[in-house]
Amino acid sequence: MGKKIVLIVLFILPLVVYMFFATGVNKFVNLPTLTKNIQEIPSWKSLNDEKVQLKEKITILGFLGDDVLLEKGNLFNLNQKIYNKNKEFKDFQIVMIAPAGTENDIKSIIQQLGTISDLSGWHFVFSSHDSIASFHKQLKLQEKLNPSKGTPNVYIIDKDINLRGRKGEDLKGEKEYKEGYNTISAADLHNNMSDDVKVILAEYRLALKRNNKRKI
């Protein structure tokens, strides 16, 4: 009996602890849907004249506003804490919406970030203040854009173009609602957002396995 206890402590318990921490702090098996059927990104100008779309992609969506250079640190946080950890997932992307006229500032930031990371999964689109405000409005977010049409928060959009986040009770049984993740806070990205991205990626991996089994 004593040997069994020792074996459990030495081998099984560490495995259980690892699995607990690997699942993060989010109790959701599926990340709740907050807003359904978001419209596709219009045919706005993109940085590299590429077609940028949300459909069939897991997207981290952000709104930079006019003061792009002030957001450089936030983009660095997002790149390090979220993008670099998930860039190998082929359907994962980051899309940033910015006012027309900020293209050169963004190119400057990309040059700097590009020295430390492959940014092929980053996409930038540009439009007028009114068009950006209209697009943001249909997300039905509680948070509003600032006067320059930006926000430090970013959002998770699934492959069916639905806004995903937290809605329900947290691990303490307290009411929780989280629609965006603050790029100013490395802790929010590292803990909350990283965990929620893991959940939604696991969703699609599980769905893919189920589909493959049905085909066999």
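A: The largest cavity has a volume of about 50 Å³, and the structure holds one cavity of 30 Å³ or more. A cavity is a set of points, on a 1 Å grid over the protein atoms alone, where a 1.4 Å probe fits but cannot get out; lining residues have an atom within 4 Å of a point. Points are joined across faces, edges and corners, and the volume is the space filled by probe spheres set on them. The model is predicted: local features need pLDDT of at least 70, side-chain atom pairs count only at pLDDT 80 or more, and totals for chains, interfaces and linings use all residues. Residues are numbered from 1 along each chain as its sequence is written, and side-chain values use heavy atoms, with hydrogens and water left out.

Among the lining residues are G62, E71, M96, V154 and T183. Strand β6 gives the most to this lining, with four residues.

M96 also belongs to the largest nonpolar core, which has 32 residues. Such a core is a set of buried Ala, Val, Leu, Ile, Met, Phe, Trp, Tyr and Cys residues joined through side-chain atoms within 4.5 Å, where buried means under 20% relative accessible area (1.4 Å probe, protein chains only). Seven residues, the largest share of this core, come from α5. Helices (H or I, at least four residues) and strands (E, at least two) are DSSP runs, numbered from the N terminus. Leaving aside neighbours within four places in sequence, L78 is in contact (heavy atoms within 4.5 Å) with residues including M96, V154 and T183.

Technical notes
Buried means under 20% relative accessible area, exposed over 50%, partly exposed in between (1.4 Å probe, protein chains only). On a 1 Å grid over the protein atoms alone, a cavity is a set of points where a 1.4 Å probe fits but cannot get out, and a pocket is an open set with protein on both sides within 12 Å along at least five of seven lines; lining residues have an atom within 4 Å of a point.
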